[in-house]
Amino acid sequence: MAEPVRGWIWSHNLLPFLQLLSHYAGYAFDGTDWLTVEAGVDGTDDERADGWYSYPLVGTRAAPEVALARAAGTDVLMVTVTGLADAELRLRADTLISAFASM
């Protein structure tokens with residue numbers, strides 16, 4: 001099993017992060033997905049083991065699962081992406097996290 005890709009992004013970058021990761025996985029992320037994730041992330045807390053929200057992006061090329069939790073008192077979302085067996089997709093996910101932490 002491949003290692004998870006972990007990091008953080010600014011919360012205002014969550015939608016473009018998910019849209020691009022979905023594109024790489026071959027998943028058609030739409031408005032319903034966004035409303036579901038947006039509601040699911042509300043009230044998360046990275047300091048609680050049960051405070052994370054997970055959402056699958058089962059596509060034609062990959063089936064990553066994204067776990068998200070807010071860092072208390074900040075505008076930061078902690079991110080863990082699992083289910084990326086392909087090295088290229090792991091690199092892309094890692095690059096997306098790095099990019100959306102800097103913008």
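Visitor: What should I know about the model and its numbering?

Guide: Residues are numbered from 1 along each chain as its sequence is written, and side-chain values use heavy atoms, with hydrogens and water left out. As the model is predicted, local features need pLDDT of at least 70, side-chain atom pairs count only at pLDDT 80 or more, and totals for chains, interfaces and linings use all residues.

Visitor: What is the order of the four strands in the open sheet?

Guide: The order is β1-β4-β3-β2, with antiparallel pairing. Strands are DSSP runs of E with at least two residues, numbered from the N terminus, and two of them pair if DSSP finds at least two bridges between them.

Visitor: Why do β1 and β2 stand at the edges?

Guide: β1 (5–10) and β2 (53–56) each have a single partner strand, so one side of each has no neighbour in the sheet. For β2, pairing with β3 (residues 65–70) runs over four bridges.

Visitor: Why is the pair of W8 and W10 called edge-to-face?

Guide: Their ring centres are 5.0 Å apart and their planes stand at 90 degrees, so the pair is edge-to-face. Rings of Phe, Tyr and Trp (its six-membered ring) pair with centres within 6.5 Å; planes under 30 degrees apart are stacked, over 60 edge-to-face, the rest tilted.

Visitor: What makes Y53 and Y55 a stacked pair?

Guide: With centres 6.4 Å apart and planes at 25 degrees, the two rings count as stacked.

Visitor: How do you know whether Y55 is buried or exposed?

Guide: Its relative accessibility is 13%, so Y55 counts as buried; buried means under 20% relative accessible area, exposed over 50%, partly exposed in between (1.4 Å probe, protein chains only). W8, at 33%, is partly exposed.
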